[in-house]
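Biologist: I would like to learn how to read a structure of this kind. Please take me through it one feature at a time.

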Amino acid sequence: MSYLVATDGSTESDEAVRYAARQAVAFYETLEIAHVLTPDSELVDGTIVLPGEEAAVEAGQGVLESARSIAEEAVDDESIDVETQLLTGRPADALTEYAAEEPVDAIYVGHRGLSEEREQVVGSVAKSVVDKADVPVTVIR
């Protein structure tokens, strides 16, 4: 079993990673850190092409490695089992589908991410994850 935390590299998602890491250690769970690539696709001669795919993957892996470091720092000297997942698609769908297919006990998300709209209290991804998930979701502020 594991706890899944979403990250997009934002300050809010970093806070979610810290919180989820402490929860994972407290309950002896694996922490899975997921970043969702949302590439803009183009249809070229009937084939879907993802411009900058390699660069997007490298950037996504960088976000995951940064989040791994944040999780490890959050638990000080405690031992934590961290796995990373690079997902693709619409963030809320990708996260909830992953959680439904894998042995995930809970999902943690920041209240807003990089594409925040200032007038919203909870971002659209966080709200959609809460609406779609089959496991408990904790929104970190």
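Modeller: Begin with exposure: a residue is buried under 20% relative accessible area, exposed over 50% and partly exposed in between, with a 1.4 Å probe and protein chains only. This is a predicted model, in which local features need pLDDT of at least 70 and side-chain atom pairs count only at pLDDT 80 or more, while totals for chains, interfaces and linings use all residues. Residues are numbered from 1 along each chain as its sequence is written, and side-chain values use heavy atoms, leaving out hydrogens and water.

Biologist: Is Glu 53 buried, exposed or partly exposed?

Modeller: Glu 53 has a relative accessible area of 47%, so it is partly exposed. Glu 53 is placed in helix α2. Its C-alpha atom is separated by 9.5 Å from that of Leu 37, 16 residues away along the chain. For the protein as a whole, 40% of the 141 residues count as buried.

Biologist: You mentioned a helix. How many helices and strands does the protein have?

Modeller: Helices (H or I, at least four residues) and strands (E, at least two) are DSSP runs, numbered from the N terminus. By that rule the protein has 4 helices and 7 strands. Along the sequence they follow the pattern β-α-β-β-β-α-β-α-β-α-β.

Biologist: What is the order of the strands in the open sheet?

Modeller: Two strands pair if DSSP finds at least two bridges between them. Here 5 strands form an open sheet in the order β5-β2-β1-β6-β7, with parallel pairing. At its edges are β5 (82–88) and β7, each of which pairs on one side only. Neighbouring strands are turned by 25° against each other on average, direction ignored. For such angles, axes are lines fitted to C-alpha atoms, for helices over the stretch in contact, and angles run from 0 to 180 degrees between N-to-C directions.

Biologist: Which strands does β1 pair with?

Modeller: Strand β1 (residues 2–6) is joined to β6 by 4 bridges and to β2 by 5 bridges, in parallel in each case. Tyr 3 stands opposite Ala 106 in β6, and Ala 6 stands opposite Ala 34 in β2. On its other pairing, β6 runs parallel to strand β7 (residues 137–140) over 4 bridges, with Tyr 108 opposite Thr 138 in β7.

Biologist: Why is β1 called largely enclosed?

Modeller: 5 of the 5 residues of β1 are buried, so the rest of the structure largely encloses this strand. In a regular strand the side chains alternate between the two faces of the sheet. In β1, Ser 2, Leu 4 and Ala 6 point one way, Tyr 3 and Val 5 the other way, and all are buried. Strand β6 (residues 104–110) is mostly covered, with 6 of its 7 residues buried.

Biologist: What do the helices touch?

Modeller: Contact means heavy atoms within 4.5 Å. What covers the buried residues of α3 includes β1, β2, β5, β6 and α4. Those buried residues are Ala 92, Ala 94, Leu 95, Thr 96, Tyr 98 and Ala 99.

Biologist: At what angle do α1 and α2 cross?

Modeller: Helix α1 (residues 11–26) and helix α2 (residues 53–74) cross at roughly 45°, and their axes come within 8 Å. Angles under 35 degrees count as roughly parallel, over 145 as roughly antiparallel, 65 to 115 as roughly perpendicular and the rest as oblique. The pair α1 and α2 is therefore oblique. The contact joins Asp 14, Val 17, Arg 18, Ala 21 and Arg 22 of α1 to Ala 67, Ile 70, Ala 71 and Ala 74 of α2.

Biologist: How is that contact made up by class?

Modeller: Ala, Val, Leu, Ile, Met, Phe, Trp, Tyr, Cys and Pro count as nonpolar, Asp, Glu, Lys and Arg as charged, and the others, Gly among them, as polar. The contact of α1 with α2 has 6 nonpolar, no polar and 3 charged residues.

Biologist: How far apart are the axes of α3 and α4?

Modeller: The axes of helix α3 (residues 91–101) and helix α4 (residues 124–132) are 9 Å apart, and the two pack at an angle of about 35°. The residues in contact are Pro 91, Ala 92, Asp 93, Leu 95 and Thr 96 of α3 with Val 125, Ser 128, Val 129 and Lys 132 of α4. By class, these come to 5 nonpolar, 2 polar and 2 charged residues.
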